[in-house]
Amino acid sequence: MKNMGLNEIRSSFLRFFESKGHYIENSAPLVPRDDKSLLLVNAGMAPLKNFFTGAETPPSNRMATCQKCIRTGDIENVGITARHATFFEMLGNFSFGDYFKKESLKYGWEFVTEVLEIPVENLWATVYLDDDEAYEIWKNEIGIPEDRIIRLGKEDNFWEIGNGPCGPCSEIYYDRGERFSCGDPDHKPGCECDQFLEFWNHVFTQFSRTENGDYVPLEKKNIDTGMGLERIAAIMQGVDSIFEVDTIRKVLDKVVEITGKPYNDNSKDDISIRIITDHIRAVTFLVSDGVLPNNEGRGYVLRRLLRRAARHGKLLGVDNLFLKDLVDVVIEQSGSAYPSLIEKKDFIEKVISIEEERFYLTIDQGIEILNGYIATHKENGLLPGDEAFKLYDTYGFPLDLTKEILQEINMDVDEVGFNDEMEKQRSRARQARENEDEVGWEEGKRNILKKFESSEFTGYDLIEAEAKCMGIIKEHTLVENATLGDVVEIIFDKTPFYAESGGQTGDKGIISNDDTIIEITDCQKSTNGIFLHKGIVKKGVVEVDSMYNLKINKDLREDIARNHTTTHLLHKALKMVLGDHVEQAGSYVDSKRIRFDFNHFNSISNEELKKVEYIVNNEILKATPVEVMYTTLDEAKTLGATALFSEKYGKHVRIVKIGDFSMELCGGTHLTNSSQAGTFKIISEGGVAAGVRRIEALTGFNALKYYADIENTLNQVIDTIKANKEEIVNKSSNMVDDMKKIAKENELLKSKIVLNNLNEIIDNKIELDGVSIISYGYNDVDLNIVREIGDRIKDHLKEYLIVLGSSKNDKVVFVAMASDGAVKKGLHAGNIIREVAKLTGGNGGGRPNMAQAGGKDPSKMNIALEKVETIAKSMLK
């Protein structure tokens, strides 16, 4: 058996299948494209799903890939075991209706025994219980002894997820030797012991499972295989753990060097070392593929992995930022296979360093808060969900991290309560993913579209075309005709209507003939290239097989083109001003405006925005021709064209070139000369997520209208304050200063008024076990004054609990203070104020002596304050 490195195994696998007529596809990004069912790519076949379903045509009926994957379902086992990992690579060969079982198994056997040179006597095969065909191939075609071909049941050797395509599978196992045996003389693959290691699964997709549970043979049978690269590397290198594989061990050794903790010396330290090693690999690839840390979706996956790694660094005694240094090793080991890691090295390191630093700024404070919660709930062993959520929302503690800390002291967390608190935040992201207007077709509609050929797009050169109606969809049903008032989606054999794609909205326009008019309000495109013209029948009847005139709204198309071409200029200008790390993170271009999201980690100064604006307008005024070229993807990269991460490109691509200034891969509609944009104006800039900024801008007539509106507003201000244009700044500034002075005087008067009734408040105190209990509420009093009142009151008392509230601007604020003596008797300002705030729909907490909280319902403030005595009684020892 060859001793091969991980990178060598990967390249050998791809070369082998290329020699067998397979098209070698680069790994898809970890962020799924056109698949709302997945948060992150978690299997080799995931990016090829549309090829298996027939929604898209593959570049070849034979393909092979090495796919990056992320799985976090069993993150708690990562580091504990030698096999679990969140990031891994999956080798796979695939057939879409081409070859089947015989070829798949023979290819697999040839690669394993002749390329990898694994001894035949160490190999076993499993097949599905009833799959005689696969059994006979292993026995008669390949020649494995029958005693090493094992039949297993559905749980082990049949692949299915609900209804739809499914089938039996056959797995290849490696026998690691008797030293890993469980001792059972009859054990074999399928046993839970570590002697037999499954490393290559061949799935034979030959059935479709119906709702009745029947298995109907598929007309076209598919092959989907998967072999974990790290696992086969461990076998080839004779090591017991994926963390001992050459490329991963390099990362682990760097962790050991940074922490100063030896590996295989202390089991607890080893777990932390393995967690950091795994997570930094996952984090590096996630950031490279465009994921940025935040509190939702895949950004949350990144954040929890990164912060978990950072915390385990602290557990190993690391007190400074260190994850960036590990990124270098990951890129060193994987950059040859994934060049984007090298290209984005600075960007990856910056994202990770900023997130790690943010975590360090909050972790100590968060742990202090958590320790306070633990002291309160230690007896019942359960942290309430709302408190876990506060740690997550305020201090950036992922739930996994809180659970991990609690598990170390045998406590648990109320996950149901946590999820209830989190639901509002997550619902926004879920609604975005489930937006019905996106072309994420449900199965029924997808089946409808399979009946049609892709539409021919003529809109790059024409704004009008004669076309034949091929299909009409009304209420998700295919119909032969539609009449006045019907809302429809119409399919034509060709169209000048641009379908929404790449951030550009779909065209609007009119479809008509002598008897019929349909007003088109949008155009969308399915994954298999069918243009769906969405609109309403305004006159007559629209019928399948009839001819129609398709005419887009020319003015709207020109406005969209102004914005789209200028977006390319903006992208380049941002790189020039802010740095090459700037990458487009999303865009929206319609007839009215530009919305451009991009990666950048600092706020942008007005001076920088002015530079960007100047560069774009300068390019517009140069009147540079806009050229369109068609070429191969490889040639486009050689030319230096900018490819957008979020887009999926085929073998042949379209390049939009604006002189020597900008060159991007783009399928949108554009101007023919930069001067047609007219002018460019940035109207807003700000952050939309961690590391993502957004610019909104206008061009052409929309920019001119913006300037006119500003001028009108300015003239109204001039009339209102009775000043000319030269005086307006000074005069308005003086007016603001006068207003601030009046407001300050007003607050001083309020303060004097409320402080005058201190004796009345103190006289109404309640005595409980030698502690003076005071609660009182104010209306429209500033928080600072409320704190001052509390300080004045406690000067008159020996042992005290003071809870004060103020309702202002539709909110409530509470302040609580407790003396040392009161605390010793069991009173806790933070816990008391939390319960008070809850009664007004709020939350809060703090230290035993001093705490602050907020509420949402001012009408319940006095009711809440009346409960202070009851709450205090329950806490006194």
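K637 is exposed, with a relative accessible area of 52% (exposed means over 50% relative accessible area, buried under 20% and partly exposed in between, with a 1.4 Å probe and protein chains only). This lysine sits in helix α19, residues 633–639; helices are DSSP runs of H or I with at least four residues, strands are DSSP runs of E with at least two, and both are numbered from the N terminus. Between the C-alpha atoms of K637 and Y300 there are 32 Å, for a separation of 337 residues along the chain. The model is a predicted one, in which local features need pLDDT of at least 70 and side-chain atom pairs count only at pLDDT 80 or more, while totals for chains, interfaces and linings use all residues. Residues are numbered from 1 along each chain as its sequence is written, and side-chain values use heavy atoms, with hydrogens and water left out.

Turning to the whole chain, 27 helices and 35 strands are present. Of its 877 residues, 52% are buried. Among contacts (heavy atoms within 4.5 Å) with a separation of 6 or more, 68% join residues 24 or more positions apart.

N222 is buried at a relative accessible area of 7%. A polar atom of the N222 side chain lies 3.0 Å from the backbone nitrogen of G97. Leaving aside residues up to four places away in sequence, N222 touches F52, S95, F96, G97, F100, V203, F204 and T205.

T225 is also buried, with 3% relative accessibility. The T225 side chain makes a polar contact with the side chain of N93 at 2.6 Å and another with the side chain of W200 at 3.2 Å. Such a polar contact is a pair of N or O atoms within 3.5 Å; within protein, one atom must be able to donate a hydrogen and the other to accept it, and residues adjacent in sequence count only if both atoms are side-chain atoms. With residues up to four places away again not counted, the neighbours touched by T225 are L91, G92, N93, F94, S104, W200, N201 and H202.

Two helix pairs complete the picture. Helices α3 (residues 101–115) and α4 (residues 132–142) pack at about 50°, their axes 10 Å apart; axes are lines fitted to C-alpha atoms, for helices over the stretch in contact, and angles run from 0 to 180 degrees between N-to-C directions. α3 is therefore oblique to α4, since angles under 35 degrees count as roughly parallel, over 145 as roughly antiparallel, 65 to 115 as roughly perpendicular and the rest as oblique. The α3 side of the contact consists of K101, K102, L105, K106 and W109, and the α4 side of E133, A134, I137, W138, E141 and I142.

Helix α7 (residues 246–259) packs with helix α10 (residues 323–334) at an angle of about 160°, with 9 Å between the axes. α7 is thus roughly antiparallel to α10. Here T247, K250, V251, K254, V255 and I258 of α7 meet D325, L326, V329, V330 and Q333 of α10.
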